Amino acid sequence: MSEAVRTILQGDGAAAGEPGREAEAGFLWDFWYPAARSSEIRGNKLVTAMLLEVPLVLGRTAEGKAFAMRDSCPHRGMPLSYGHFDGQTVECSYHGWRFDACTARCVEVPSLSSQDKLKVDRIFAGHYPCEERDGTVWVYMASRDRRAVDDSTRTRAPETGPDAPALPVFSKKYKITHLACDLPSHVDQGIIGLMDPAHGPFVHQSWFWRSRHSIHEKQKQFEPIPYGFRMSPHSPSSNSAPYQLLKRITGEGVTTTIDFVLPNMRLEEIHSGKMWFSSRATVTPVRRDLCRIDFVAAWNLPFLPAFLFRMFGKTFLRQDQETMIRQAEGLKHDPHLMLIDDADRPAKWYFGLKANLLESRRTGTKMEHPMTGPVTLRWRS
Ligand code: FES
Ligand SMILES: [Fe+2]
């Protein structure tokens, strides 16, 4: 983690609840993170991914169940992704140890002779819960402590944990699409970039969206929600053309609600009469100097074909990505950073939520929310 990010974290009183390397990287463990697209995991192919600096190998069993293992053989560390998968077991390419894909339990060590006493079924590769929702493969990144407990009892990591997140949808028929891009920064920078209202007029100037001169004063109501905060339902910005179009088509008011929820998720819902649009952006830590934005959107607006949405969406993401590539150049030199009121208040809440969550995990007490109640923020954008 860069000194700059550390400065922000410490400035907001982040109590590192997790020991050693994990805390230092500034990652939040014990949450679901998107690891891959469902469509990438086909047949007996083994696919690699990295989450929170953990190398993973993903695949799909013959029954169609996605699985995730640490991409490292417990024998001598060979990446299991170089091995062979037959639809049920993963065979390491080095000495041929085989692991059941769903439990990561070792089922065969070929070099053992009839004299050997080694209990093969006591050996496990690293294993992570894995679920698919709206075309995304989610992996539950259990913390090291949790994994140690699970290993000692020889059970899989939490069977009873929270469900993997699903995108809210509001009708039977809808279109859905996904966009992604990498950002060369720590996840905290990616997240505060995602919730930052003040960069719009400078970074996202487009003929179809808005011009720099449409900047005006705004005031929005925010309220605390579990693990996050909500921009209360409101009529969206009057300087954004698509919302104006929607209003004209349905002849009804447009309301939008935006939530931020730990560890990394921005959810937006737009409703106008029977029409709706729902999106989820997540910023996923890959390494401490690399994160990825995944943007999934679904809608039932008949006038919005997926290709058109993707075209606009890609432009937006590219604008953010180019900005963050440039920002990363500056962050290399560990500058002092500022968070100002009110435009940066959501960023402060994010750091507050993160710090309070770590503190509550460390002390085993209830998590305090950094907001005491609804707040109105004002800024120009
Ligand atoms: S390193 Fe995998 S079987 Fe030896
Ligand atoms: Fe942006």
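A contact is a pair of residues with heavy atoms within 4.5 Å. In this predicted model, 61% of the contacts between residues at least 6 apart in sequence join residues at least 24 apart. The protein has eight helices and 19 strands. Of its 381 residues, 48% are buried. The accessible surface comes to about 18,700 Å². Carbon and sulfur atoms account for 52% of that surface.

The largest nonpolar core holds 65 residues. Val139 and Met141 touch the most other members of this core. Helix H8, residues 345–363, supplies the largest share, seven residues. A second core of 18 residues is separate and includes Val57, Trp97, Ala101 and Val109.

The contacts of Met141 were listed without residues up to four places away in sequence. Met141 touches Trp29, Asp30, Phe31 and Tyr33, among others. Its partners also include Leu51, Leu52, Val54 and Leu56, as well as Tyr128.

The second largest pocket contains about 350 Å³ of space. Its lining comprises 15 residues. Phe31, Trp32, Pro162, Leu262 and Pro263 are the closest of these to the pocket centre. Strand E1 (31–37), strand E16 (265–272) and H8 each give two or more residues to the lining. The largest share, three residues, comes from H8. By residue class, the lining divides into 11 nonpolar, one polar and three charged residues.

Phe31 is touched by Met141 and is among the lining residues closest to the centre of the second largest pocket.

Technical notes: Residues numbered from 1 in each chain as written. Chains lettered and ligands numbered in written order. Predicted model: local features only at pLDDT ≥ 70, side-chain atom pairs only at ≥ 80, totals over all residues. Heavy atoms only, no water. Core = buried A, V, L, I, M, F, W, Y, C linked by side-chain atoms within 4.5 Å. Buried < 20%, exposed > 50% of the residue type's maximum accessible area, 1.4 Å probe, protein only. Helix = DSSP H or I, 4+ residues; strand = E, 2+ residues; numbered from the N terminus. 1 Å grid on protein atoms, 1.4 Å probe; cavity = no way out; pocket = protein on both sides within 12 Å on 5 of 7 lines; lining within 4 Å. Points joined across faces, edges and corners; volume = space filled by probe spheres on them. Nonpolar A, V, L, I, M, F, W, Y, C, P; charged D, E, K, R; others polar. Areas by Shrake-Rupley, 256 points an atom, 1.4 Å probe, with all protein chains shown as cover.
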